[in-house]
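Hello,

Here is the structure I promised to pass on. Please open it alongside the notes below.

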Amino acid sequence: MKDWTEAGVATLAAALAARQVSAEELANAFLQRMAASPLNAFLDRQAEHTLAQARACDERLARGTARALEGVPIAHKDVLVTRDWVTSAGSQMLANYRSPFDATVVERLTQAGMVTLGKLNCDEFAMGSTNENSAYGAVRNPWDHAAIPGGSSGGSAAAVAAGLTPAATGTDTGGSIRQPAAFCGITGIKPSYGRASRYGLIAYASSLDQAGPMARSAHDCALLLSVMCGFDPRDATSLELPHEDFAAALATPFTAGQTQRPLSGLRIGLPEEFFQSGVSADVEQAVRAALDQLSALGAQCVSVRLPRTALAIPAYYVIAPAEASSNLSRFDGVRYGHRAKGVRDLHDLYSRSRSEGFGAEVQRRILIGTYVLSHGYYDAYYLRAQQVRRLIANDFDQAFAHCDLIAGPVAPTVAWDLGAHRDDPLADYLADIFTLPASLAGLPGLSMPVGFGAGRRPVGLQLIGPKLQEARLLRVAHQYQCVTDWHQQRPAQAGLVSEHGH
Amino acid sequence: MLTRIDVDRLAELARLRVAPAEADATLARLNAILGLIEQLQSAPVDGLEPLVHPGADPTQGTRLRVDEVSETVDRAANQASAPSTAEGLYLVPRVVE
């Protein structure tokens, strides 16, 4: 039997439709790989639910009523609520929590025929860039088990890279899809704010949170994104847009007729601020080589400015904690979640349940958020951060007058070692510098693998588009992946003994 | 710069409890973060309209749904994850003696 766990979403959908493999066989193959994996990528698995979904898919395939992605497996980041799997958000606060409903993006993917393999580890409440903030232990990077996988969607990225699932959902508040995708050598896209419903996404920072797909290619991401996006009346910030098929135009040249140089006419803006000191030599080399490849495909690189890039860090670390301190006030030990034992009174119940249930980084962000929103400080911090956010959005508007998309590194370095930043509390924050600006401006951002840096750890290229131009990013990434094979490379030490016959 | 007293006050407001053994470490981390966000004070923002969220279209306002029943509440399902309930009510420590 062929080892289907090496295949991506598009290949699997075609193989299932052609009845070359059954959904149940696929689900079993991935469940076996999950069980043998040492990466700590999965938090909850319910094999019976997975196999029941798969068998229902097989019946539809047999009846000829298959849906777009019938029988293709996927796993979900643990901040997206699910009825049949525990949703802990990587926190002791929600250990064993069962949601009475599925998040809209989960529901949409299930309605398209996808089979849920389980729930994926992440930084607690999506707060972190390394996955070390999970209450259930860090995830290991499949390329190097001594390295972080990135975060906060670290379980998602590691699981896809290691072939434990062909696809995963992630969420991105300040880079949490793009950075782990880069560190694990996979492709991921954060759509424009308002594209994907946030209903059932456990809120961290509501003005920034977005869900998106993580998979092995731009083509796979396009298929998944087409299903995930769409108007949802249950999310007040959901955009009312017609359905868009992001996979439809992937192979279409940017300028009609230019099949040999399909990116002819495309102007790629390179922000000077993304190529200054602070970017390590190995990352810059891989990124420059990818830009050369895009140029060979016909694109023209132009220099642009995003002068307030550095200010994105303080703006984000005011806005996100402020919104988090408000959103996380719902965890009070009364309606759901951890409840302290032997309390004196209601006040004691609240404060002890919260300090026992939340991890250290979550508590720090709540305290910072409480401070910047407190009486007398609101204008100096939260309001001012929102004004800086305007400046950053205006910078993008000006840059996009000269280019069709922006490209640069996802992060200044490759993945660092687990524990490396333990004594340097701000190091993780500063490493978010290249992903935060697009988050603050609500723009779509894609990360794709473009080579390897120090220690043979993957390097990602970030593409940022004007609002709602996800299709353009996916098209450029797809054209790049048609002529390169970085996205097809697999980690050698997946930590698995193959049990599949050949 | 925050002091230990400030941290205790913030913890009180946030309904958190900072353990005495961790108080100094927490204080140092919070002050490091505040040092970082202090950079905002030099930004040229005079007269700029705050960007509250990037989906905001000031001409649209908040979308309102039609005022009719669209969902029903399944209390038993919603309370299934509650730490302590009785007869459909959430139980908490006595508030009024």
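**Chain A: overall build**

Of the 502 residues in chain A, 62% are buried. Bear in mind that this is a predicted model.

Chain A holds 15 helices and 11 strands. Its radius of gyration is 22 Å, close to the 23 Å from the globule rule for 502 residues, so chain A is as compact as a globular protein of that length. The C-alpha trace of chain A spans about 70 × 55 × 45 Å along its principal axes. Among contacts in chain A with a separation of 6 or more, 76% link residues 24 or more positions apart.

**The core**

The largest nonpolar core has 172 residues. Ala159(A), Ala315(A), Val318(A) and Leu474(A) have the most contacts inside it. Helix H9 of chain A, residues 312-327, gives the most to this core, with 10 residues.

Look at Ala315(A). Leaving out residues up to four places away in sequence, Ala315(A) touches Ala385(A), Val388(A), Arg389(A), Ile392(A) and Leu440(A), and also Leu40(B).

**A helix pair**

Next, H2 (residues 23-36) and H3 (residues 47-63), both of chain A. They pack at an angle of about 155°, with their axes 7 Å apart. The angle is over 145 degrees, so H2(A) is roughly antiparallel to H3(A).

H2(A) contributes Ala23(A), Glu24(A), Ala27(A) and Leu31(A) to the contact. Among the residues on the H3(A) side are Ala47(A), Leu51(A), Arg55(A), Asp58(A) and Leu61(A). By type, the residues of this contact divide into eight nonpolar, one polar and three charged.

Best wishes

Note on methods. Residues are numbered from 1 along each chain as its sequence is written. Chains are lettered from A and ligands numbered from 1 in the order in which they are written. This is a predicted model: local features need pLDDT of at least 70, side-chain atom pairs count only at pLDDT 80 or more; totals for chains, interfaces and linings use all residues. A nonpolar core is a set of buried Ala, Val, Leu, Ile, Met, Phe, Trp, Tyr and Cys residues joined through C-beta atoms within 7 Å. A residue is buried if 20 or more other C-beta atoms lie within 10 Å of its own, exposed if 12 or fewer, and partly exposed in between; C-beta atoms are placed from the backbone. Helices (H or I, at least four residues) and strands (E, at least two) are DSSP runs, numbered from the N terminus. Two residues are in contact if their C-beta atoms, placed from the backbone, lie within 7 Å. The radius of gyration is taken over C-alpha atoms; the globule rule is 2.2 Å times the number of residues to the power 0.38. Axes are lines fitted to C-alpha atoms, for helices over the stretch in contact, and angles run from 0 to 180 degrees between N-to-C directions. Angles under 35 degrees count as roughly parallel, over 145 as roughly antiparallel, 65 to 115 as roughly perpendicular and the rest as oblique. Ala, Val, Leu, Ile, Met, Phe, Trp, Tyr, Cys and Pro count as nonpolar, Asp, Glu, Lys and Arg as charged, and the others, Gly among them, as polar.
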